[in-house]
2 protein chains.
Amino acid sequence: MGDQSTVVAVIGGTGALGLGIARRLALAGYPVVIGSRDAARAVAAAAEMNAALGGSAIVGATNSEAAARAEVVFLAVPFASHAAILDEIGPVVSGKIVVDTTVPLQPPKVSTVHLPPEGSVAVATQNRLGSDVRVVSALHNVAAHRLQKDEAVDCDVLVCGNDKDARAIVVTLVDAMGLRGLEAGPLANSVVAEALTSVLIGINRRYKIDGAGIRITGTAKPS
Amino acid sequence: MGDQSTVVAVIGGTGALGLGIARRLALAGYPVVIGSRDAARAVAAAAEMNAALGGSAIVGATNSEAAARAEVVFLAVPFASHAAILDEIGPVVSGKIVVDTTVPLQPPKVSTVHLPPEGSVAVATQNRLGSDVRVVSALHNVAAHRLQKDEAVDCDVLVCGNDKDARAIVVTLVDAMGLRGLEAGPLANSVVAEALTSVLIGINRRYKIDGAGIRITGTAKPS
């Protein structure tokens, strides 16, 4: 799994981040199912994207239909509707990879870190979906508007998960999106990427940056 | 405050990180007091550094004497002795800036994020020292061995604190050390930098990097 025959769903696929993920995965050759609470909106977004990219790789469906059809399910939904959507897709994601991109922003002070009682959204997702779902977290720190454009994004993607194979598959998908995915350890480590988004929002504002991201630096050890 | 007349103490100044901070601040022209539990060790380290750098800007003392003499007090101590050392310097840091560099690593699994019940070490430090101490956090993600060498360090420094003036002074000091300090918001945001160290340790191991760091990326907004 992870090659271009892998069917990918994007739950919340008509939002800014979801559209960016869907577009980049479709461009990389993956069949994509855009999910939305409103199936008609998902179908329209899919048609529009197919027209823009040329092809028919993208289809639209309800969130639960999208999750049912896919092998890898990206979650790109606001924190406020996160728990409800997990309950909606829960019955159809057993054994599948669920990639949670959710950042626990708490308006209005979105530049101050707030974390859920479980320590991170990703851990909360694993608890809620149960241990037979392969939860991975990724893509918290990439500016959605940059993902929607055909341009290089100057941001590494920290990929966390307790299932090493699932984590590696998600790194492959992230790389296919033209980003650099880095395996960043167990799901508990997702707190870094989730909290970092608030810091980046503050830095954007303070230093007048449009879509700050992160890069991991370092010199390769001499072999 | 923040200019080169500012006396700086480095508590735990004979450790790897402490020596790096002391060396770089001394090179930048600041008077530095190295603190250690063992005053003789601190005096010896100061003498050795003065000899290496040429000059007499560095002195050694016990941790509490060092904190008493300085206006800005860097904490570079292991997490295991953190609380005890706060209680030791607490009586002499009222009104001062205390810069906490402590990462809450929990051996043996240091590449998995563990956070204290307060959410971050920096918040725990503020609670323990009381509200009249200006706690700032910084320097969690810089490899100590790189700080001790006269070379560029490819790592940004996230600087968090609830007191904006104190935060700005610490950014000045970090910049003087040849690093790039970035104001990263309130003390609660320190969780990002504290947790990131575990992720970087894992990345060092997994990708065979010697001292991975982070850079904040982004394009300046057109004015």
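**Close-up views: a helix pair and salt bridges**

**View 1. Helix 1 of chain A passes helix 2 of chain A in a right-handed crossing.** A crossing counts as right-handed if the near helix is turned clockwise from the far one by less than a right angle, and left-handed if anticlockwise. The model is predicted: local features need pLDDT of at least 70, side-chain atom pairs count only at pLDDT 80 or more, and totals for chains, interfaces and linings use all residues. Residues are numbered from 1 along each chain as its sequence is written, chains are lettered from A and ligands numbered from 1 in the order in which they are written, and side-chain values use heavy atoms, without hydrogens and water.

Helices (H or I, at least four residues) and strands (E, at least two) are DSSP runs, numbered from the N terminus.

**View 2. Arg146(A) and Glu151(A) meet in a salt bridge through their side chains.** The N to O distance is 3.0 Å. A salt bridge is a side-chain nitrogen of Lys or Arg within 4 Å of a carboxyl oxygen of Asp or Glu. Arg146(A) is buried at 14% relative accessible area, while Glu151(A) is partly exposed at 30%. Buried means under 20%, exposed over 50%, partly exposed in between (1.4 Å probe, protein chains only). Over all chains, the structure holds 18 salt bridges.

**View 3. Arg180(B) forms a salt bridge with Asp156(B).** Their closest N and O atoms are 2.7 Å apart. Arg180(B) sits in strand 8 (residues 180-183) of chain B and Asp156(B) in strand 7 (residues 156-161) of chain B, so the pair ties together parts 24 residues apart in sequence. Arg180(B) is partly exposed at 37% relative accessible area; Asp156(B) is buried at 0%.

**View 4. Arg167(B) and Glu183(B) meet in a salt bridge through their side chains.** The N to O distance is 2.9 Å. Arg167(B) lies in helix 7 (residues 164-176) of chain B and Glu183(B) in strand 8 of chain B, so the pair ties together parts 16 residues apart in sequence. Arg167(B) counts as buried at 6% relative accessibility, and Glu183(B) counts as buried at 16%.
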